[in-house]
Amino acid sequence: MDLARIEKAVREILIAVGEDPDRDGLQQTPARVARAYAELFAGLRVDPATVLTTTFEANHEELVLVRDIDVMSLCEHHLLPFRGSAHIGYIPGSDGRITGLSKLARLVEVFARRPQVQERLTAQIADLLMERLAPRGVVVVLECEHMCMAMRGIQKSGAKTITSAVRGSLQRDAKSRAEAMALIIR
Ligand SMILES: Nc1nc2c(ncn2[C@@H]2O[C@H](COP(=O)(O)OP(=O)(O)OP(=O)(O)O)[C@@H](O)[C@H]2O)c(=O)[nH]1
Ligand SMILES: [Zn+2]
């Protein structure tokens with residue numbers, strides 16, 4: 001990531017909004033913002049496939065669900081945060097292969113630390129799980145509040161956007177999908 005270029009751009013923004021970038025409190029701001037963006041967009045330089053390398057034989061062929069994984073990302077339209085929870089469930093494939101629970105949260109991190117829209121973030125998590133873990137089915141639900149709707153624009157705080165991505169057997173079989181959703185939606 002080009003930190004010097006971000007610094008220059010942030011200095012320009014400060015001038016454009018009518019601030020003095022050389023006043024005491026702002027002198028280090030462009031450099032701080034550059035470092036913050038390097039963290040917030042670190043997922044752009046990570047191959048998500050590297051996250052799901054650890055898998056275990058468990059002969060577990062029923063639903064595995066991790067609820068309430070903290071999600072923080074930046075919407076690609078305004079570069080303002082959206083935050084909430086991710087719920088990720090999968091039914092292992094016929095080999096009963098599972099992955100480490102933390103890897104599901106790591107997967108959220110990799111995709112969230114990019115400019116995003118909530119729908120794509122949801123689908124990317126589901127698609128990568130299908131690709132790398134070859135499970136029978138996957139369900140991913142995200143519930144987030146978008147600061148671009150709360151702090152500006154329509155200024156409706158508290159509104160939650162719920163997105164889901166359902167793949168494989170959970171997409172085909174309404175009964176097992178309903179069972180998974182009942183555990184997810186409270
Ligand atoms: N579908 C979707 N929309 C998003 C997401 N994050 C932000 N948005 C929306 O992106 C839209 C951008 O709309 P525009 O009309 O181009 O931009 P704008 O004039 O700033 O829109 P307002 O927010 O309505 O003031 C807005 O409606 C945002 O609420 C997201 O993750 N998914
Ligand atoms: Zn936005």
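Q: What is meant by a nonpolar core in this predicted model?
A: A nonpolar core is a set of buried Ala, Val, Leu, Ile, Met, Phe, Trp, Tyr and Cys residues that are joined through C-beta atoms within 7 Å. In this predicted model, the largest such core has 28 residues.

Q: Which residues have the most contacts inside the largest nonpolar core, and which elements give two or more residues to it?
A: V108, I125 and V140 have the most contacts inside that core. Two or more residues come from each of strand 2 (64–75), strand 3 (81–91), helix 3 (101–112), helix 4 (118–133), strand 6 (137–146) and helix 7 (174–184).

Q: What does V140 touch, leaving aside residues up to four places away in sequence?
A: V140 touches A86, I88, T122, I125, A126, S164 and A165.

Q: Why is A134 called partly exposed?
A: A residue is buried with 20 or more other C-beta atoms within 10 Å and exposed with 12 or fewer. A134 has 14, so A134 falls in between and counts as partly exposed. This alanine lies in the loop between helix 4 and strand 6, and has a positive phi of about 45° although it is not a glycine.

Q: What makes strand 5 (115–116) an edge strand?
A: Strand 5 pairs on one side only, as does the other edge strand, strand 7 (161–168). The open sheet has 5 strands in the order 5-2-3-6-7, with mixed pairing.

Q: Why do strand 2 and strand 5 count as paired?
A: Pairing needs at least two bridges, and strand 2 and strand 5 share 2 bridges in the parallel sense, so they count as paired. C75 has Q116 in strand 5 as its bridge partner.

Q: Which residues are around ligand 1?
A: They are C75, H77, V117, Q118, E119, H146, C148, M149, G153 and I154. Helix 4 and helix 5 (147–150) are the elements that give two or more residues to this shell. The shell divides into 5 nonpolar, 4 polar and 1 charged.

Q: Where do the bounds of domain 1 and domain 2 fall?
A: The domain assignment gives domain 1 as 3–40 and domain 2 as 56–184. Their C-alpha centres lie 33 Å apart.

Terms used
Residues numbered from 1 in each chain as written. Chains lettered and ligands numbered in written order. Predicted model: local features only at pLDDT ≥ 70, side-chain atom pairs only at ≥ 80, totals over all residues. Helix = DSSP H or I, 4+ residues; strand = E, 2+ residues; numbered from the N terminus. Contact = placed C-beta atoms within 7 Å. Near = placed C-beta within 6 Å. Nonpolar A, V, L, I, M, F, W, Y, C, P; charged D, E, K, R; others polar. Domains from an automatic or database assignment.
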